[in-house]
Amino acid sequence: MRAITIVGNWKMNTTPTEAEQLASDIRLNVADSADAMVVVCPPSIGLETVSRVLSGSEVAVGVQNIHSDPQGAYTGEISAEMAREFASYAIVGHSERRDLFDESDEFISQKVAAAERAGLRPILCVGEPSEVRSAGAGHAESYVTTQLLNGLPDVTDISSVLVAYEPVWAIGTGQAATPEVAQHIASALRGALRGRFGAAADQVPCLYGGSVNSGNIAEFVQQADIDGALVGGASLDAGSFADIVTAAAQVKS
């Protein structure tokens, strides 16, 4: 059975001082949960502090973004090699990066490969915008499976990868996809992975993201192909985040 995994994406929130306090609160509320893998992804400026606070706990640290190259003249960027001193996961291909920073599938695939080379576990995000969803379930399925496979051409070990389905129309809107819609897409994603990687695809965690909270997480992880969540706003409150972890873990404990 795949482990429940809950990832908190703090996005561009928390100063280093605030990140230290939030990480400390999460450690008190969430750490040493035997029934779920927990990862927090602070802004890069807070990685060292958060890594120090969570050292020795069961809460892992991830980086929100990496560049595809190990070093170079890329002002403001950080490489996977830099991040791995503090993190063990890397979010790649988030819809905000795709939309606001025009990241292509090709560039995202290079980031996935860079994360794997550096020993970071990539969390590859896929998701359809509202206009694709409005065109029908078949269009949405095709859109996200194409994003997924385009992000993985250079992956050698699929067991290192996590997939996060985040319908763009649900992120930060308070309008979550139904569990049935999320399961339909998650099943399609796993099927696409099986087509390329065989039975190893069955070990890949598939997370749901988009207006996740403690009241709806259980419905999602009850689905056969959904193994946790990529949590945005609710991860900025240690109590709310802990409630999500607890509710998710209880379903498959």
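**Close-up 1. Right-handed crossing of helices α7 and α8 in the predicted model**. The axes of helix α7 (residues 137-150) and helix α8 (residues 179-197) come within 9 Å and cross at roughly 45 degrees, which makes α7 oblique to α8. On the α7 side the contact involves Ala137, Ala140, Glu141, Val144, Thr145, Leu148 and Leu149, which meet His184, Ile185, Ala188, Leu189, Ala192, Leu193 and Arg196 of α8. By residue class, this contact comprises 10 nonpolar, two polar and two charged residues.

**Close-up 2. Crossing of helices α1 and α10**. Helix α1 (residues 16-30) and helix α10 (residues 238-251) have axes that come within 9 Å and cross at roughly 35 degrees, and the crossing is again right-handed. Leu22, Asp25, Ile26, Asn29 and Val30 of α1 make the contact together with Ala238, Phe241, Ala242 and Val245 of α10; seven of the contact residues are nonpolar, one is polar and one is charged.

**Close-up 3. An aromatic cluster formed by Tyr165, Tyr208 and Phe220**. Of the two aromatic pairs that the structure holds, the one between tyrosine 165 and tyrosine 208 is tilted, because the ring centres lie 6.2 Å apart and the planes stand at 55 degrees. Tyrosine 165 belongs to strand β6 (residues 162-165) and tyrosine 208 to strand β7 (residues 206-208), so this pair ties together parts that are 43 residues apart in sequence.

**Close-up 4. The stacked pair of tyrosine 208 and phenylalanine 220**. Here the ring centres are 4.3 Å apart and the planes lie at 10 degrees, and the pair links tyrosine 208 in strand β7 with phenylalanine 220 in helix α9 (residues 217-221), 12 residues apart. Tyrosine 208 is buried, with a relative accessible area of 1%, and phenylalanine 220, at 2% relative accessibility, also counts as buried.

Notes:
Residues are numbered from 1 along each chain as its sequence is written. This is a predicted model: local features need pLDDT of at least 70, side-chain atom pairs count only at pLDDT 80 or more; totals for chains, interfaces and linings use all residues. Side-chain values use heavy atoms; hydrogens and water are left out. Axes are lines fitted to C-alpha atoms, for helices over the stretch in contact, and angles run from 0 to 180 degrees between N-to-C directions. Helices (H or I, at least four residues) and strands (E, at least two) are DSSP runs, numbered from the N terminus. Angles under 35 degrees count as roughly parallel, over 145 as roughly antiparallel, 65 to 115 as roughly perpendicular and the rest as oblique. A crossing is left-handed if the near helix is turned anticlockwise from the far one by less than a right angle, and right-handed if clockwise. Contact means heavy atoms within 4.5 Å. Ala, Val, Leu, Ile, Met, Phe, Trp, Tyr, Cys and Pro count as nonpolar, Asp, Glu, Lys and Arg as charged, and the others, Gly among them, as polar. Rings of Phe, Tyr and Trp (its six-membered ring) pair if their centres lie within 6.5 Å; planes under 30 degrees apart count as stacked, over 60 as edge-to-face and the rest as tilted. Buried means under 20% relative accessible area, exposed over 50%, partly exposed in between (1.4 Å probe, protein chains only).
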